[in-house]
Each structure stands twice: as C-alpha cells, then as structure tokens.
Amino acid sequence: MEPIFAILIGFLTAAGFYLMLRRTFMRLLLGFLLLGQAANLLILTAGGLGPGTSPIIHPDATTLPPGHPDPLPQALILTAIVIGFATVAFAVVLLKRANQATGTDDFDALDTTDS
Amino acid sequence: MGAVATGAVIWPQVARGNARLAGWLSALVPAALAVWLIARVPDVGAGQLPAASFAWVPALGLTLDFRLDGVGLLLSVLVASIGALILIYGGGYLKGSPQAAPFFGFIHLFMLAMLGLAGADHLLVLFVFWELTSLASYLLIGLAHDSADARKAALRALLITGFGGVAMLAGFILLADAAGTWKISELAARADAVRAHPAAHWMLALILLGAVTKSAQVPFHFWLPGAMVAPTPVSAYLHSATMVKAGVYLLAKLSPVFSAWPAWSAVLLPLGALTMLAGAIFALAQTDLKRLLAYSTMSALGTLVVLLGIGTDLAVQAAMVFLIVHALYKAALFMVAGVVDKATGTRDITVLHGLGKQLPLLAFAAGLAAFSMSGVPPFIGFIGKELLYEAKVQAQTAGPLIIFCGFAANAINVAVALKVGFSPFVNRGEIPQINPKAKQSALLAGPLLLAIAGAVVGLWPDLIGKNLIRVAVEDITVTPTTVKLKLWHGFNLVLLLSGLTVAAGIALYAWRSRVRGIVAGALDRMPTRAAKTFDAGLSRVIKGAGGATRFFQHGNLRGYFAVLLLTVAALVFHAARAGGFSVPGFEVSDLRFAPVGVMMMMVVATVLAVRAKARVTALLALGGVGYGVALLYALYGAPDLALTQVLVETLTLVLFAFILAKLPPMRSRSSPRRRALDALIAGAAGLAVAVALLAARAEPAGARVSDAMVADSYLVAKGKNVVNVILVDFRALDTLGEISVLAIAALGVAALLYNGSPTRGPGSQATATAMYRASIRWLVPLLYALSILLLLRGHNEPGGGFIGGLVAASAAILRELGRTDGANGPRSPVLPVACGLAIALASAFPAWFHGQPWMQGVWLTWEPWLPLVGTTKLGTPFLFDIGVYAVVFGVARWILDLLLRGEPKTTVATADPD
C-alpha cells in the first residue's frame with residue numbers, strides 16, 4: 001500500500017501547493033490546511049505502515065508483538081495535529097488582520113513593504 | 001599593545017573633557033613603547049627576536065603568532081614614536097572639537113592595528129591587522145561625518161584598500177598552501193616550493209594588488225589625495241608616515257620569497273616609476289598645502305616600490321633609509337600645514353605668506369623638514385636621496401628610464417618642499433593676523449621634534465644605520481650586510497644628480513605659478529581621471545546590484561514560493577536520479593479495499609476543495625479530507641491519531657464557522673494560463689514529495705529509534721499505550737516544548753485580535769434554541785467526564801492529555817454556544833494554560849529528590865483502583881499528562897472563545913453569504 005499512499009500524499013501536497021500559489025488569502029489558508037494533512041500522512045508512511053495493529057501492549061503481554069507499527073511517528077503526528085490547530089487559528093487571524101490593515105486580500109497587491 | 005588597547009577606551013573619555021590633556025597623557029604610552037622598541041634593536045640585531053604566540057582558534061590550528069623582526073621593528077618604532085607626537089599634536093589641534101573624542105578612540109585603534117601588523121608572524125593575523133588599519137583609516141577619514149565629501153572620500157579609501165585586502169587574502173591562502181606554512185618567518189626557506197606552485201603567478205598578482213592599493217600606486221592612487229579631508233593629525237599619521245607604508249612593508253616582508261622572480265621587478269619597477277612621476281606631476285598642479293603633500297607622498301611611495309623592485313642590497317638599504325626619512329619630514333610638514341591652517345584659516349599656498357615673524361619656531365621646523373625633503377646636506381633627506389640615486393644607478397634593468405623618472409620626481413619634490421616649508425613663511429607685503437591658538441606648544445612640539453630628529457640623524461647617520469636599518473635590510477635581503485651611511489660620498493655621478501635635482505627644483509619653484517598653469521591645463525585635458533572613473537564604476541555597480549536585487553527580490557510572494565518549490569523539486573529529482581531511484585514494484589493483491597475507498601473519497605474532496613468557488617464548500621470539502629485522514633489513521637493502527645484528528649477536524653470547522661463571515665471571500669484572479677503554470681509547479685513539487693517518500697522507504701530499514709522505547713514502555717515506564725508513554729515520558733521535554741508552542745500561538749491570536757479596547761463584546765446572541773440548551777445541559781457534563789476518563793486511562797489505552805483536553809474544549813465551547821445571557825466567557829482564559837504549563841514543568845523535578853536526572857519518571861507505590869479505569873499507577877508522567885490536558889484544553893478554548901467574541905458584533909455564523 002505504500003506506493004498508493006505516496007501517490008495520495010503527492011496529490012494532497014500538490015493540491016496544497018497549488019492553492020498556496022493562488023492570489024487570494026482564503027485559498028492560501030485552504031492550501032495550508034491541506035498541506036498539514038499531507039505532511040502528517042507523510043510522517044506516518046515514512047515510518048512504515050505495518051499491518052494495522054495498534055502500538056498498544058496487550059493486557060497480558062509486556063511488550064508489543066513483532067511486526068508492530070512504529071509508535072514514534074505516531075507520537076510526533078499527534079502533537080503535530082494539535083499544534084496544527086493552533087497555527088491554523090493563528091494564520092486565520094493573521095490574514096484577517098492583514099486584510100484589515102492593507103485593505104486587500106490579493107497577494108499580488110502585497111509586493112512592497114511600504115503601503 | 002594592551003596599554004594601547006586600553007588607551008582606545010580611556011582617552012576618548014578624557015578627550016571629551018580636555019583634548020589637550022588627553023593628548024599629552026596618552027602620548028606617554030607610545031613614547032615608552034618607542035623607547036622599549038629602540039632598546040630591543042641590539043637584541044634583534046643579534047638575532048634574538050621578541051616573539052609571542054597565543055592560541056586563537058585551536059580547532060583550526062590558528063594561532064596569534066607575533067615575532068618582531070628587523071623590518072617590523074623599524075615600522076613599529078615609526079608607528080610608536082610618530083604616534084606619540086601625533087597624539088600630542090592631535091590633542092592640541094582638536095581641542096574643543098566634537099571630533100576629539102572619536103579621534104582618540106580611532107587613532108588608538110589604528111595604532112594597535114599598525115603595531116599588530118608590524119609584529120604579525122602569521123599570514124592571517126597580518127591580514128586581520130591589515131584590514132583593521134583600513135577600517136581605522138575609514139573611520140578617521142570620515143571623522144567629519146556630517147560632510148558628504150568626507151563620507152565619500154572615506155568610502156573610496158575603504159573600498160580600494162578593502163578590495164586590495166581581499167585580493168591579498170586570496171594570495172595569502174595560495175601562498176600558505178604552496179609553502180605549507182602560515183608563518184611568515186618560515187616562508188623564505190620554502191621559496192622554491194612557492195615558486196613551483198601552479199598558481200604562483202596568481203598568488204603574486206593578488207598579493208601585489210593588496211600592496212599597491214594600500215600604498216596608493218597608480219591606478220589606485222586617487223583615494224590618498226581624497227583622504228586629505230581627514231583632520232590634519234590623521235593625514236600626518238596615517239596617510240604619510242604609517243599606513244600607506246604598510247604596502248611597502250608587505251613588499252619588504254615578502255621580498256625574500258618573491259624578489260628572485262622576474263615578474264617581481266617587471267611589475268614593481270614600471271608601477272613604482274609611474275606612480276613616482278605621476279604623483280610628482282599631479283603635485284605641481286595643487287595649491288592646497290595638504291593635497292600638495294599628499295601627491296608628493298604618492299610620489300615617495302612610488303620611489304619606495306621602485307627600490308624594492310630593484311631589490312639589490314643597496315636598493316633595499318636606500319628603501320629603508322628613505323622610509324624613515326620620508327616619515328620624519330612628511331609627518332613634520334603635514335603638522336606644519338595643520339598649524340598654518342589653524343593660524344590663518346586657509347591652506348592655499350598662493351595666498352599664504354609672511355608667517356615667519358609670527359610663528360618663528362614653526363618656520364624653523366618647516367625649514368628643517370623642507371631641507372630634508374629637498375635632499376640638501378646635511379639633512380637625512382640628503383642621505384636618502386644619495387642612496388636612492390646610487391641604487392638606481394647600480395640597478396641592472398631599465399636604469400636610465402628609472403633614473404630619469406626619479407630625477408624628475410625629486411626635482412618636483414624640491415619645489416614642493418619649498419612651497420610648503422618656505423613660501424608660507426616669507427614676507428611679501430603686510431604681515432597677516434593669525435589665530436593665537438596656533439602658538440600652543442602641543443602643536444609645535446611634533447613638527448619641531450621630527451624636523452630636529454631629521455637633522456640629527458643626518459649629521460650622525462650611524463645612529464640609525466648601524467642597527468635599525470641594518471637589521472631591517474638583513475631581513476629583506478637575507479644576507480648579512482653592513483650599512484654605512486655617510487653624508488659625503490665624494491664627487492661622482494650621484495652627487496652630480498643630487499645637485500642638478502636641487503637646481504631644477506629651485507627653478508620649478510621660481511616659475512611655480514606658470515608651471516602650475518601648464519600642468520593643471522594638461523591634466524584637465526586628460527581624457528579620464530582615476531577618481532571619476534572609479535566613481536562612475538561604483539555607481540554602475542550599485543545600479544547593477546539594485547537591478548539584481550529588484551530582479552530576485554521582486555516582492556511577489558507567490559513568485560518566491562514558486563521558485564522555492566521548483567528548487568526543492570529539482571534537487572529531489574536530481575538526488576533520486578543520482579541515487580538510482582526506481583518506482584517500486586506493486587501487486588494488486590496488496591490493495592486493501594477500505595483504505596483505497598477512503599482515499600478515493602479524499603481525492604474527490606480535494607478536487608472539490610481546489611475548485612470550490614465558495615468558502616463554505618471548500619471548508620466542508622477539506623473537512624472531508626481531514627476525516628478521511630482520520631480513517632486512514634484508524635485503519636493503520638493509530639487509534640490515538642484517529643481520535644485526535646477527528647476532534648481537531650471538528651474544532652477547526654467550528655473555528656472557521658466563527659470567523660468565516662469576517663474573512664475575505666474567494667475570488668478568481670489568475671488567468672487560466674497562470675493557473676496551468678502553477679498546477680505544473682505544484683504538480684512537480686507534489687511528485688517530488690512522493691518520490692522522496694518512496695526513496696526513503698526503499699532504504700533498508702535499520703534498527704528503529706523506537707525499539708528501545710517499545711521494550712521499555714511497560715517494564716520501565718509502566719505504560720501500555722506506547723504512543724502516550726513516548727509523549728509523556730520518553731520525549732516529555734519535546735512535548736513540554738510543544739505545549740509551550742500551543743500557548744504561544746494562543747497568545748499570538750489574542751494579541752492579533754486585541755484591537756486596543758480591553759472590553760470584550762457579548763457572546764452568542766440568542767441563536768441557541770431551547771432544544772439545544774436542553775440537550776447540552778446533560779451533554780456537557782458527560783463530555784467533561786469523558787475527557788477525564790480519557791486522560792486517566794491514556795497511559796494504557798487510547799487517550800491521554802491531548803485527546804482529553806480536546807474533548808474538554810469541545811464541551812466548553814458547546815456550553816458557550818448555549819449561553820443566551822450574553823455573559824462573558826471564561827473569566828481568565830489564560831489560567832488553565834498557565835497552570836498546565838506549571839504542572840508539566842513541576843513534574844520534571846521530583847526525579848531530583850530520587851537522585852535521578854531531570855524529568856525522569858517517578859512513580860508512587862500506591863496504585864488506587866478507579867471505576868472504569870481499573871488499577872491506576874500514579875507518577876510524574878501522569879502529572880505531566882495532566883499538565884498537557886490543561887494546556888490543550890485551555891488553548892483550544894481560549895482560541896475559540898477569542899474568535900467567538902474577540903470583537904463586537906460577533907454572531908455565530910450559521911450561513912455563509914457567498
């Protein structure tokens with residue numbers, strides 16, 4: 001399944017980048033969201049997908065059985081998801097303020113620092 | 001040197017109060033240094049060189065090597081002794097001027113740099129001090145920084161000498177590479193190896209570039225006259241006696257390595273001769289005392305270069321004698337020019353006259369120095385000139401031409417000497433009024449002492465010849481020599497030349513105004529002037545740099561982004577190609593139905609999001625992608641991630657629902673062509689990501705980092721949910737950082753929404769129905785209970801602080817939405833965040849009391865039984881998780897609360913107008 005995942009991730013990434021290349025503030029946000037999803041999936045896949053068992057030790061065992069998925073990428077992704085929420089909130093508010101301050105939501109109108 | 005460095009700090013403070021006092025006092029240090037240095041001369045002559053070495057960057061093998069050889073000693077004696085006089089003079093000259101304090105700072109910096117230069121025995125150390133002199137010179141020329149001329153001249157000097165310095169550094173690196181050593185004292189022994197280096201000529205060219213720019217050789221001469229905007233003490237010190245000699249010093253120092261090469265004299269002789277002649281001729285056109293002296297300095301530097309280019313024993317002797325001679329009379333004459341300027345307010349030689357009566361001592365000093373400069377016996381200048389002619393007469397190559405140039409230059413110098421040292425003091429008509437300040441002893445001490453020194457040494461030349469000159473010459477020619485300086489060499493060609501020179505000089509002086517007219521006219525007709533060419537080139541460079549900057553830094557954000565994407569994609573593709581990347585094989589039997597179905601749904605949702613015209617459509621479609629990702633997590637053994645993803649996805653939708661109406665709508669602005677291009681760029685970048693991922697997966701997997709974590713998870717860290725154990729135990733410091741990021745992001749949102757008024761608007765405005773209120777009445781407490789359950793069992797089963805916190809935040813926001821009274825939200829949204837961070841941090845410390853490292857888990861032996869959870873182990877990782885719970889809860893709630901009621905007139909958005 002990994003090649004399929006790679007295709008999906010590539011597709012999501014491309015869609016995210018495409019949206020980020022648009023001129024409208026809103027689409028940058030959408031692209032940013034999409035890219036976050038793709039990045040998390042990328043970390044998961046890079047760690048190896050495994051058979052689908054979870055990294056939780058059986059009540060009677062003391063360690064995971066062989067072939068278990070890698071728990072470390074999962075830990076990384078978990079925090080990334082939550083931080084992603086906070087950064088999206090920050091980005092939304094930032095763009096909203098930028099829109100208020102500059103009176104535009106067109107990136108091509110923001111090509112100088114003095115306005 | 002330490003004392004000089006300290007002086008750079010102390011004396012500016014004193015000078016702010018009383019510059020004259022600072023001058024006299026600060027001069028004590030260099031004066032003492034000069035005495036010490038002169039006392040070292042016999043030692044150096046006997047081959048006992050004072051040396052010191054300090055570790056600089058030991059890891060790179062860099063040491064601060066110092067070793068005072070003969071040439072270095074000669075230079076440092078000049079620097080210290082003239083420096084002492086300049087300090088006295090500068091104190092008097094700049095008294096009461098705002099420039100006094102910086103002058104004392106910079107001049108000490110310069111002195112330090114020059115002494116370091118003279119003592120350096122490591123090529124890089126030499127370079128550093130070399131650059132430091134350029135820098136000090138820049139600061140000193142620009143002392144009058146409110147004048148555009150001064151700034152321009154300072155910049156010119158810095159650019160020229162800095163450019164030369166960089167070239168020289170490149171040359172040094174080649175040289176050290178060829179010789180296998182950075183130590184200057186070891187270079188001479190490896191001259192053959194240096195010569196055999198394939199880039200030997202480049203090396204020489206680069207080093208010479210450094211020397212000729214510093215010593216103002218044609219065509220890099222023009223910064224020197226420009227530097228005359230500096231206060232006179234600076235000109236006297238840097239631009240006549242010391243700094244401009246650094247280039248000559250470098251030539252002398254490296255002469256044992258290079259002087260045997262044909263290229264050495266082939267470059268230095270014509271260059272020096274041209275500079276010598278050009279400087280002299282330019283001088284004829286000047287009326288300003290200082291510019292006059294500046295061009296004659298240029299001429300003198302040319303002479304020194306010629307002598308070192310000739311390179312015979314005698315020539316080197318002549319060079320060293322002339323170096324001292326020139327420093328003595330030129331510094332003296334500059335100081336005289338400064339006093340004349342002070343006394344009358346002008347430096348124009350066509351106006352100045354009759355100062356002899358008013359300033360007899362100055363006239364005396366000026367006369368002595370001028371005689372020395374003219375090369376009239378019994379002054380030291382005479383000895384210098386005699387040696388000069390003798391050396392040139394004996395030179396093998398191009399003798400006659402050089403002698404002619406030298407003759408012309410010297411004759412003109414005689415005229416210059418008369419113009420500076422004689423003309424201003426002669427009576428022509430009425431005696432002018434002068435400023436009495438010009439009579440102070442601080443201003444007169446310097447020129448008098450220097451001029452008298454010139455005379456004394458002229459009468460007893462062996463004072464310097466026997467030792468100071470000899471040790472320097474021996475260092476350069478690497479052969480033992482005896483130096484016999486004498487005033488009388490007998491009747492010969494050399495004496496004849498000397499006599500003719502003086503006669504010609506007097507003639508030039510007598511017809512000075514006519515000569516000046518002719519020369520100035522001729523110079524005006526010259527097609528280009530070096531300074532103008534340089535300025536034009538410089539402005540072209542600046543324009544070009546501006547164009548390049550505007551091309552690359554065009555300000556279009558999307559353009560930068562596209563370039564970034566393409567660059568990364570190109571790098572990835574290149575690496576994949578170089579690494580032999582191949583698309584991995586794939587079998588249909590590998591396909592699993594459920595994930596493929598989810599993926600297809602995600603692709604559809606993505607396409608929808610990209611093509612959406614309305615914000616709501618796009619966001620809902622993105623929500624679809626997000627829930628799809630959650631499903632994939634669930635299908636691939638990541639229950640914690642699936643839970644988190646669902647919660648965050650939901651909260652994100654809520655977040656957008658709150659603020660969407662206040663965001664700008666979506667518009668289609670790009671042309672179809674641009675869209676196609678962007679699609680290509682984005683597609684390439686996406687493909688690069690996929691390729692990078694597959695290439696990474698194709699690498700043979702070694703041991704996982706997490707193997708030890710999995711093994712220790714239960715047995716050591718007492719948790720069965722390995723992901724949670726990693727978060728709160730193995731990588732707890734990481735998590736602490738991450739919850740701090742959360743807190744900072746929330747703070748950022750709060751700061752951005754804070755619009756100056758601390759009052760907060762009302763909450764939701766009665767949009768909640770009675771039914772909603774009735775249902776949340778029991779749903780909210782249940783959700784809180786659930787969140788605590790998730791937290792408690794998180795160590796062993798899916799859950800934990802992150803998930804629990806998100807659930808709790810959902811509950812809180814549900815409750816907020818149900819409010820109809822418009823009451824305020826949480827009284828202090830910061831409280832749970834701050835408490836959470838404090839708890840998480842506090843959980844790190846108990847380990848200390850158990851003699852374990854910071855953040856190590858500590859567990860209680862008491863394991864209570866809790867309903868729905870079972871036997872629960874209590875310890876610091878659990879405490880840490882409680883902190884995570886609080887922070888996540890607080891941050892999510894805070895952010896949503898801010899968006900909900902951050903500004904007045906907020907309504908719960910139910911429908912999107914577009």
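Q: How many salt bridges does the rule find across the interface of chain A and chain B?
A: Seven cross that interface. The rule asks for a side-chain nitrogen of Lys or Arg within 4 Å of a carboxyl oxygen of Asp or Glu. Over all chains, the count comes to 20. This is a predicted model, where local features need pLDDT of at least 70 and side-chain atom pairs count only at pLDDT 80 or more, while totals for chains, interfaces and linings use all residues; side-chain values use heavy atoms, with hydrogens and water left out. Residues are numbered from 1 along each chain as its sequence is written, and chains are lettered from A and ligands numbered from 1 in the order in which they are written.

Q: What makes B:Arg669 and A:Asp105 a salt bridge?
A: Their closest N and O atoms are 2.6 Å apart. That is within the cut-off, so the pair counts. B:Arg669 sits in the loop between α28 (639–659) and α29 (672–698) of chain B, and A:Asp105 in the segment after α3 (71–102) of chain A, so the pair joins two chains. Helices here are DSSP runs (H or I, at least four residues), and strands likewise (E, at least two), numbered from the N terminus.

Q: How do you know that A:Asp106 and B:Arg669 also meet in a salt bridge?
A: The N to O distance is 3.6 Å. It passes the same test, so this pair counts too.

Q: How much area do chain A and chain B bury between them?
A: About 8500 Å², with 74% of it on carbon and sulfur atoms. Buried area is the accessible area (1.4 Å probe) that two parts lose on being put together, summed over both. In chain A, the residues that lose the most are A:Met1, A:Leu21 and A:Phe85, together 9% of what that side buries. The contact (heavy atoms within 4.5 Å) takes 86 residues from chain A and 109 from chain B.

Q: What makes α5(B) parallel or antiparallel to α6(B)?
A: The axes of α5 (100–119) and α6 (123–141) of chain B come within 8 Å and cross at roughly 155°. That angle makes them roughly antiparallel. The crossing is left-handed. Contact residues include B:Phe103 and B:Phe110 of α5(B), with B:Trp130 and B:Leu139 of α6(B). By class, this contact has 16 nonpolar, two polar and no charged residues.

Q: How do α2(B) and α5(B) lie to each other, parallel or antiparallel?
A: Helix α2 (residues 19–26) of chain B packs on α5(B) at about 20°, axes 10 Å apart. The pair is therefore roughly parallel. The crossing is right-handed. On α2(B) the contact uses B:Ala19, B:Ala22, B:Gly23 and B:Ser26; on α5(B), B:Ala100, B:Phe104 and B:His108. That gives four nonpolar, three polar and no charged residues.

Definitions and conventions. Axes are lines fitted to C-alpha atoms, for helices over the stretch in contact, and angles run from 0 to 180 degrees between N-to-C directions. Angles under 35 degrees count as roughly parallel, over 145 as roughly antiparallel, 65 to 115 as roughly perpendicular and the rest as oblique. A crossing is left-handed if the near helix is turned anticlockwise from the far one by less than a right angle, and right-handed if clockwise. Ala, Val, Leu, Ile, Met, Phe, Trp, Tyr, Cys and Pro count as nonpolar, Asp, Glu, Lys and Arg as charged, and the others, Gly among them, as polar.
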